[in-house]
Amino acid sequence: MKFFGHCTTEFLSTPTSIPTVSTLPTTVAPDCTTINPPRKDGESWKVDNCTTATCTNGSVIYEPHKCSPVEEINCANGRTPIKVYDDTGCCFKYECECTCSGWSGSHYLTFDGTAYTFSDNCSYILVQETYNTNLKIILDKEVCSDGSSFCPQSLIITYNSQDVILTQTMTSAGATNVVMVNNKQVYPVFKNVNYIITSTGMEVTVSIPEIQAQVTYRGTTFNINLPFSAFQNNTEGLCGTCDNSQTNDCRSPSGQIESCEQTAPSWQVPNKTCITPTTPPPSISTSSPSTTPYPCQPPICELFNSSVFEECRSIIPLDPYMKSCTQDVCSGSSACASLQAYASACAKAGMCLNWRNYTNGECEVTCPPTKVYEACGPAVPPTCNSQYNTMYQEIMESAEKQEGCFCMEGTTLFNTYSDVCVTSCACIGPDGSPKMPNETWQVGCQTCECDGETLSIQCNPVVCPTEMVPTCDRPGEVLRNKTDGCCESYECQCDPNQCVITTVGCPLGFTQDMDSKEGDCCPTYTCKPMKACVQNGTIYQPGSPMPSDNVCEECECGTVMDPSTELLTPVCTPKDCNLACDEGYEIKPVPGKCCGECVRTSCMVTINNVTEIIPVNATFSPPDDKCVKYTCQDVNGDPMVKESNKICPDFNPDICVPGTETTDADGCCMSCTPQSDCNVHTNTTVLVHDNCKSTSPVEITSCSGTCDTSSMYSAESNTLMHTCSCCQEQQISEKEVEMVCSDGSKTTFVYIHIGSCGCKKSDCKEGAQRRRRSLRNGRP
């Protein structure tokens with residue numbers, strides 16, 4: 001499109017002479033002389049960056065800068081595209097904002113609008129360039145892994161190898177933002193070749209002009225804004241890939257794409273060891289928000305759908321913030337972080353909203369006494385330092401409005417590192433604090449004043465009053481001069497070294513006492529009675545036994561004072577002679593004692609935990625051991641026990657004739673009538689059998705001995721009972737022996753060997769008895 005301008009040219013008609021030689025007429029195009037400055041025909045110039053003007057035949061033709069057709073785009077993060085102008089400032093194209101947010105310590109929104117929850121406490125890479133290492137932003141929550149009650153999340157921004165740390169510290173006024181540049185604290189506004197940092201106390205903004213990046217930090221929330229044209233497909237980390245596509249937002253460093261909850265831990269900063277939570281954090285799906293409502297519906301979260309955020313809802317999708325708000329409140333946390341994160345996103349889009357007044361005080365901000373809260377205040381407030389204001393005037397005029405605490409109308413911020421607002425930038429005290437006109441203060445020994453007319457500080461020496469010199473005439477007092485502030489004075493002071501220590505000779509039962517009266521420098525010494533009794537040069541404490549001349553009374557030091565001596569008096573009581581002696585003891589008189597004493601007159605012996613009393617010259621044997629005798633003997637008037645043990649011969653009941661066992665008169669030893677003996681007898685001889693004999697003598701055994709045979713009357717059967725037994729073999733065995741025969745041959749002979757003998761019962765038959773008698777008589 002061309003714009004035309006007209007300029008007026010005036011031609012005057014004048015008489016001319018006709019030459020004798022005929023020539024062709026020459027036509028000259030008119031210039032543009034009516035504009036300032038005038039332009040020649042055919043001359044072009046820039047009216048502005050987007051318009052070119054040309055003087056053509058006396059007219060000005062305006063031609064705008066030609067721009068390519070603008071293509072409409074849709075943003076995956078749901079936001080309205082923004083206009084991005086070219087270097088001329090005349091043409092623009094639409095781009096999607098690369099904005100990554102985090103709030104409440106666990107909610108994240110990627111560049112392309114994927115919302116998820118991740119709660120681990122460590123250091124993680126939020127964003128870093130994929131193909132370049134100039135920019136890296138780390139979220140540091142390592143301090144929260146040790147269970148500390150105050151665990152702020154910090155941002156570490158690195159650009160061109162220079163670090164900026166955004167964190168918080170706890171002060172008496174609550175959590176306070178702290179900004180560190182190369183490990184040195186700075187007080188915004190701060191500017192160097194890489195960064196421009198501003199702060200309103202509530203919000204810190206870090207801008208990187210070279211790459212048009214901006215980071216906003218509020219302690220519990222953060223926003224990272226990057227230009228799409230500079231960072232398209234060149235970001236990775238918890239904030240995802242800036243490419244207007246949600247398909248690759250949740251990518252691990254190895255390139256694997258899963259859910260954001262699964263890939264987020266892999267972006268932990270290398271060489272960091274942090275405590276892993278024992279309970280997995282709740283997760284928010286990366287898919288579209290579900291329409292199923294939460295079990296609870298917090299009223300405060302409905303603020304998103306109110307008229308407060310109506311203008312912003314058409315530009316910034318509220319679903320992630322609404323869902324995180326509901327989740328936080330229903331799990332016992334505050335909704336403020338989600339509301340603040342959404343309000344911050346709205347502010348970056350140019351909509352400053354005063355939403356805190358609608359939270360019933362839950363999200364209100366408490367400002368210092370001299371400041372007030374404003375939702376849209378200056379990012380760089382002016383101060384009393386004019387050089388500071390001049391240095392950062394450009395930033396003051398261009399910076400976006402921010403939320404924070406600002407000085408009340410009619411006051412000015414004194415400096416950037418204090419919260420002091422003053423009504424007048426008059427004077428500055430020696431400690432850097434503001435001083436109002438006509439205000440006075442003391443520095444050292446000078447009184448200074450901020451002069452109300454010249455606004456200059458004027459100081460004069462402190463005027464001291466005239467002091468009287470006191471008279472020090474009491475013991476121990478000396479005159480001293482002292483300096484109270486800037487003035488010198490005199491006073492009487494106590495010097496203990498000037499006091500004389502007096503030694504008082506006190507009688508027995510009295511101690512030297514030092515008495516210091518209030519106002520006296522030196523103490524006085526007196527004899528003070530002790531709380532004790534004194535007798536025969538000995539001191540007795542109350543309750544202690546004391547000697548008495550009467551053996552039939554007992555005395556002790558009492559508690560009643562004798563007014564004449566100022567000492568305690570003894571208390572005596574008759575002795576109680578009601579003695580009770582134990583068994584075996586008797587009361588006997590003792591010279592020099594009021595009462596007799598128990599004297600042992602019998603012996604005592606303890607057997608099997610039972611104590612037996614044995615009179616003198618008496619003997620006692622335990623019922624279960626008649627072989628022991630205890631005899632009580634009088635040894636020099638002292639009963640002594642003598643123990644004797646009787647030793648018995650061996651007794652074997654197995655060899656006794658039944659019924660003959662008996663004990664001796666003491667009941668200690670046993671004896672009996674032994675049974676007959678039946679034993680094995682041996683004889684060594686050479687065996688001869690069938691003209692053969694053993695090559696060596698052989699041991700031949702036999703049984704011999706007597707066995708019991710008796711007759712006993714039985715009343716039951718009214719007859720004599722006969723008992724007979726014979727000495728016979730009990731164990732036998734066969735043995736072999738080698739024999740040599742008369743013809744020189746050898747043979748083996750087997751014979752019987754008796755191993756043991758014993759008495760075996762047998763029938764007592766009358767015939768057998770007769771036969772035995774017959775044999776004994778020599779008859780058949």
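## Disulfides in the model

A disulfide is counted here as a pair of cysteine sulfur atoms within 2.5 Å. In this predicted model, the structure holds 34 disulfides, and three of them are described below, including the left-handed link of Cys-656 and Cys-672, which has -70° about the S-S bond.

## Cys-656 and Cys-672

The sulfur atoms of Cys-656 and Cys-672 are 1.7 Å apart, and the two residues form a disulfide, since the cut-off for such a pair is 2.5 Å. Cys-656 belongs to the loop between β46 (638-645) and β47 (662-663), whereas Cys-672 belongs to the loop between β48 (670-671) and β49 (678-685), so the link ties together parts of the chain that are 16 residues apart in sequence.

## Cys-506 and Cys-527

A disulfide also connects Cys-506 with Cys-527, with 2.1 Å between their sulfur atoms, and its torsion of -90° about the S-S bond makes the link left-handed. This pair links distant parts of the chain, 21 residues apart, with Cys-506 in the loop between β32 (487-494) and β33 (510-515) and Cys-527 in strand β34 (residues 524-529).

## Cys-533 and Cys-557

Cys-533 is joined to Cys-557 by a disulfide with an S to S distance of 2.0 Å, and the torsion about this S-S bond is about 85°, so the disulfide is right-handed. The distant parts of the chain that this pair links are 24 residues apart, Cys-533 being in strand β35 (residues 533-535) and Cys-557 in strand β38 (residues 553-562). Both Cys-533 and Cys-557 are buried, which means that each has under 20% relative accessible area.

## A further cysteine

Cys-726 has a relative accessibility of 33% and therefore counts as partly exposed.

Definitions and conventions:
Residues are numbered from 1 along each chain as its sequence is written. This is a predicted model: local features need pLDDT of at least 70, side-chain atom pairs count only at pLDDT 80 or more; totals for chains, interfaces and linings use all residues. Side-chain values use heavy atoms; hydrogens and water are left out. Helices (H or I, at least four residues) and strands (E, at least two) are DSSP runs, numbered from the N terminus. Buried means under 20% relative accessible area, exposed over 50%, partly exposed in between (1.4 Å probe, protein chains only).
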